[in-house]
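This briefing sets out the fold of one protein model for a reader who has the sequence and coordinates at hand. Please consult the structure alongside the notes below.

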Amino acid sequence: MKKVFSIILLFVMILCITTTVNAATYTNTKLEVVDETVCTINLGDMGIFEKKIVNFNADEKSVTLELNIKNIKEVDEEYKPVEIFLVVDNSYSTNSNRQTLIDSAKKLVEKLHELDPNVQIGVVSFSSLDASQGETEGTINDAELRLDLSTSTSDINNALDSILTDELGPRTNLDAGITLANQSFNTDTDADRFMVILTDAVPNTAVGGPTQTYSGEVTTKTRAKLKEIAESGVNIISSLVNLDDVTTEPSTGKTYKALAEEIFG
């Protein structure tokens, strides 16, 4: 289980690096693994995380980076099954980042199954449904179970690809996404459970309403649901992209980064 956690941390760093590089318009970024370390973060009994920027070349628009995670002791406990749900934002605001999110999720799946082919992974997407289609916005129906828990890498990748081909939803019901994912874990096993959330982290709808509202009750409900799920034993890992600390959301007067911090801290 410690090794699975390490792989997820590496994935989060890759996603953040990809987003940063795109924002800086460096199109030929080069990532290489090197041996030296400069920054060490102790993860307790999970292991040690080391990182260092080794070289930056402005002319070539390249950066050489080290990301290294290793266990500090062997795992001597009895093997437990592992269940992971990828919870993917499919709302309008993620349009420019959708390919990055999906590619990063696929890389995570590949690395996890290299480590252990028995890791079960499911996929949930969330946005909101158009009321004109006869659906009620602000319900659990704003989330969709793309794939139940599976060990098939190809099935998982196909489920992720299906998100790219679907239309984007008008609003962001993160509450529905994490609720549906939590309901979809296999409760008949004593598994280690993870939820990896890929989003721009600014929901404006929650289960039970209100809709099209930033901050306030939507934030309170979403934050409470995240806390409830975490306290039930599910490990929640958020990968947040495109957090704008400049643009102000008109109805609240807060930046989108500030709105995200209200939920995730």
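From strand 7, Asp192, Phe194, Val196 and Leu198 point one way and Arg193, Met195, Ile197 and Thr199 the other way, and all are buried (under 20% relative accessible area with a 1.4 Å probe, protein chains only; over 50% is exposed and anything in between partly exposed). Strand 7 is largely enclosed by the rest of the structure, because 8 of its 8 residues are buried. This is a predicted model, in which local features need pLDDT of at least 70 and side-chain atom pairs count only at pLDDT 80 or more, whereas totals for chains, interfaces and linings use all residues. Residues are numbered from 1 along each chain as its sequence is written, and side-chain values use heavy atoms, with hydrogens and water left out.

**Strand 7 and its partners**
- Strand 7 (residues 192-199) runs parallel to strand 8, joined to it by 6 bridges; two strands pair if DSSP finds at least two bridges between them.
- Phe194 stands opposite Asn235 in strand 8, and Leu198 stands opposite Ser239 in strand 8.
- Strand 4 also pairs with strand 7 in the parallel sense, over 7 bridges, and Ile84 stands opposite Phe194 in strand 7.

- An open sheet of 5 strands has the order 6-5-4-7-8, with mixed pairing.
- Its edge strands, strand 6 (143-150) and strand 8 (235-240), each pair on one side only.
- From one strand to the next, the twist averages 15 degrees.
- Helix 3 packs on the sheet and touches strand 4 (82-89), strand 5 (120-126) and strand 6; its direction makes about 170 degrees with that of strand 6. Contact means heavy atoms within 4.5 Å.

**Helix 2 against helix 3**
- The axes of helix 2 (residues 98-115) and helix 3 (residues 153-165) come within 10 Å and cross at roughly 170 degrees; axes are lines fitted to C-alpha atoms, for helices over the stretch in contact, and angles run from 0 to 180 degrees between N-to-C directions.
- Helix 2 and helix 3 are therefore roughly antiparallel to each other (an angle over 145 degrees).
- Helix 2 contributes Arg98, Gln99, Ile102, Ala105, Lys106, Val109 and His113 to the contact, and helix 3 contributes Thr153, Ile156, Asn157, Leu160, Asp161, Ile163 and Leu164.

**Whole protein**
- The secondary structure comes to 6 helices and 10 strands, taken as DSSP runs of at least four residues (H or I) and at least two (E), respectively, numbered from the N terminus.
- Of the 265 residues in the protein, 43% are buried.

Methods
Angles under 35 degrees count as roughly parallel, over 145 as roughly antiparallel, 65 to 115 as roughly perpendicular and the rest as oblique.
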